[in-house]
Amino acid sequence: LLCDILWSDPRRDDEFAARRTTLASFDTNPTRGCSVVFGETAVDRFLRTNELLAMIRAHECQEAGLAQDFDDTVMPFESLGEHEILDGDDRVRKKLARVTTVFSAADYCGHHGNLGAVLLVAWDKACAVAYAARSDPKDFAVPPPTTNGELTAAAVLDAQAAVPWMPTTIA
């Protein structure tokens, strides 16, 4: 169970969708060599059974720092800062997806070139900040304040203060 919680990933291709059954939507995980990949049917069942709106997960490197999979929820979503979070069609995302993967280590291991991200979720809104790797914590940019909603630049700054910079290269 612990292995599957840590290493299972959403499956993002049409081949898997065509093969899945209505009873289960899992398959072996060829990328990791362990655990499973899960599809939208599994997500639907999990969220409905547990009376949840969405699933927030980590432990999978994302080029944009954050990936959102499957259909949108009703919760408003906003990108803060200099990097916009886009959906699969390269449009600015306006709603939180049912599965969101957050990866905070920018330029993972010093050679992936990915952005890192922080996700803040309130009762009425979700906001994300994606950021590039910085060589110094004081280089980190603070996003501009939002005009609506409870998640403001101050809330994001508080989250960044907890983990403002993550060195991913060991010299």
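**Figure 1. Helix 3 and its buried residues.** In this predicted model, helix 3 spans residues 40-49, and its buried residues are E40, A42, V43 and L47. Viewed down the helix axis, these residues fall within an arc of 155 degrees, so they line one face of helix 3. R48 and T49, on the other side of helix 3, are exposed. Just after helix 3 comes E51, whose phi is positive, at about 50 degrees.

**Figure 2. What lies over the buried residues of helix 3.** The cover includes strand 2 (26-28) and strand 3 (36-38). It also includes strand 4 (55-57), strand 5 (66-80) and strand 6 (95-102). Under this cover are E40, A42, V43 and L47 of helix 3.

**Figure 3. The whole protein, for orientation.** The protein has 4 helices and 8 strands. Read from the N terminus on, its elements follow the order α-β-α-β-β-α-β-β-β-β-β-α. Of the 171 residues in the protein, 40% are buried. Among contacts between residues at least 6 apart in sequence, 59% join residues that are at least 24 apart. The protein exposes about 10200 Å², and carbon and sulfur atoms supply 56% of that area.

Figure 4. The strands are arranged in the order 4-6-5-8-7, and the pairing is mixed. Strand 4 and strand 7 (116-121) are the edge strands, each pairing on one side only. From one strand to the next, the twist averages 50 degrees. Helix 3 packs on the sheet and touches strand 4, strand 5 and strand 6. The direction of helix 3 makes about 105 degrees with that of strand 6.

**Figure 5. Strand 5 and its two partners.** Strand 5 pairs with strand 6 in the antiparallel sense over 6 bridges. In this pairing, Q68 stands opposite T100 in strand 6, and L66 stands opposite V102 in strand 6. The pairing of strand 5 with strand 8 is parallel and runs over 4 bridges. L80 stands opposite V129 in strand 8. In a regular strand, side chains alternate between the two faces of the sheet.

**Figure 6. The largest nonpolar core.** This core has 13 residues. Those that touch the most other members are L66, F77, I85, L96, L119, A126 and A128. Strand 5, strand 6, strand 7 and strand 8 (126-131) each supply at least two residues of the core. L66, one of the core members named here, is also the residue standing opposite V102 in strand 6.

**Figure 7. The surroundings of I85.** Neighbours within four places in sequence are left aside in this list of contacts. I85 is in contact with A64, L66, Q68, F77 and S79, among others. Its contacts also include R91, V92, R93, A128 and A130. Among these contacts, L66, F77 and A128 are, like I85, members of the largest nonpolar core.

Technical notes. Residues numbered from 1 in each chain as written. Predicted model: local features only at pLDDT ≥ 70, side-chain atom pairs only at ≥ 80, totals over all residues. Heavy atoms only, no water. Buried < 20%, exposed > 50% of the residue type's maximum accessible area, 1.4 Å probe, protein only. Arc of directions from axis to C-beta. Contact = heavy atoms within 4.5 Å. Areas by Shrake-Rupley, 256 points an atom, 1.4 Å probe, with all protein chains shown as cover. Pairing = 2+ DSSP bridges. Axes fitted to C-alpha atoms, helices over the stretch in contact; angles between N-to-C directions. Core = buried A, V, L, I, M, F, W, Y, C linked by side-chain atoms within 4.5 Å.
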